[in-house]
Every structure is written in structure tokens, then in C-alpha cells.
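Visitor: I'd like a close look at one single part of this model. Could you walk me through it?

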Amino acid sequence: MSVKGKIKKGAGYLKEEAGEKLENNKMAREGRALRNEGRIEDGQLPKTGKPGTSK
């Protein structure tokens with residue numbers, strides 16, 4: 001696992017959650033995309049569900 005991947009996952013998670021709380025779908029999508037970049041760098045499968053559904 002790379003440090004860069006972990007940082008991207010963490011930052012993406014925060015941006016996704018903030019977007020959900022503010023009801024800003026664009027922000028939530030951008031956060032999910034950043035989070036998935038980090039997951040791919042760490043060799044994990046990307047999250048494919050709709051942001052904010054915990055699936």
C-alpha cells in the first residue's frame with residue numbers, strides 16, 4: 001500500500017462525506033473519484049455504488 005494511495009483515499013472520503021452533508025452531488029462524485037484513484041493505486045477494487053449509499 002502506498003502512502004499516496006492512502007492520502008487520496010482519505011481525502012476522497014472526506015470530500016465525499018462533506019458533499020453528502022451539504023447535499024452537493026458534484027462534490028460527492030469528485031470525492032468518490034479521488035477515493036477510487038487511491039483504492040486502485042493500493043490494488044483494491046474501486047467502489048461502484050452511488051456516493052452516499054455505503055455500498
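Visitor: Which residues does Glu 41 touch, not counting residues up to four places away in sequence?

Guide: Quick caveats: this is a predicted model, where local features need pLDDT of at least 70, side-chain atom pairs count only at pLDDT 80 or more, and totals for chains, interfaces and linings use all residues. Residues are numbered from 1 along each chain as its sequence is written, and side-chain values use heavy atoms, with hydrogens and water left out.

Now, Glu 41 touches Ser 2, Lys 4, Gly 5 and Lys 8, leaving aside residues up to four places away in sequence; contact here means heavy atoms within 4.5 Å. With Lys 8 there's a side chain to side chain polar contact at 2.7 Å (a pair of N or O atoms within 3.5 Å; within protein, one must be able to donate a hydrogen and the other to accept it, and residues adjacent in sequence count only if both atoms are side-chain atoms). Glu 41 is partly exposed, at 36% relative accessible area (buried is under 20%, exposed over 50%, partly exposed in between, with a 1.4 Å probe and protein chains only).

Glu 41 sits in helix α2; helices are DSSP runs of H or I, at least four residues, numbered from the N terminus. Helix α1 (residues 3-21) packs on α2 (residues 25-41) at about 160 degrees, their axes 7 Å apart. That makes the pair roughly antiparallel, a label for angles over 145 degrees. Among the residues making this contact are Lys 4, Gly 5 and Lys 8 of α1 and Glu 41 of α2.

Note on methods
Axes fitted to C-alpha atoms, helices over the stretch in contact; angles between N-to-C directions. Helix = DSSP H or I, 4+ residues; strand = E, 2+ residues; numbered from the N terminus. Parallel < 35°, antiparallel > 145°, perpendicular 65-115°, else oblique.
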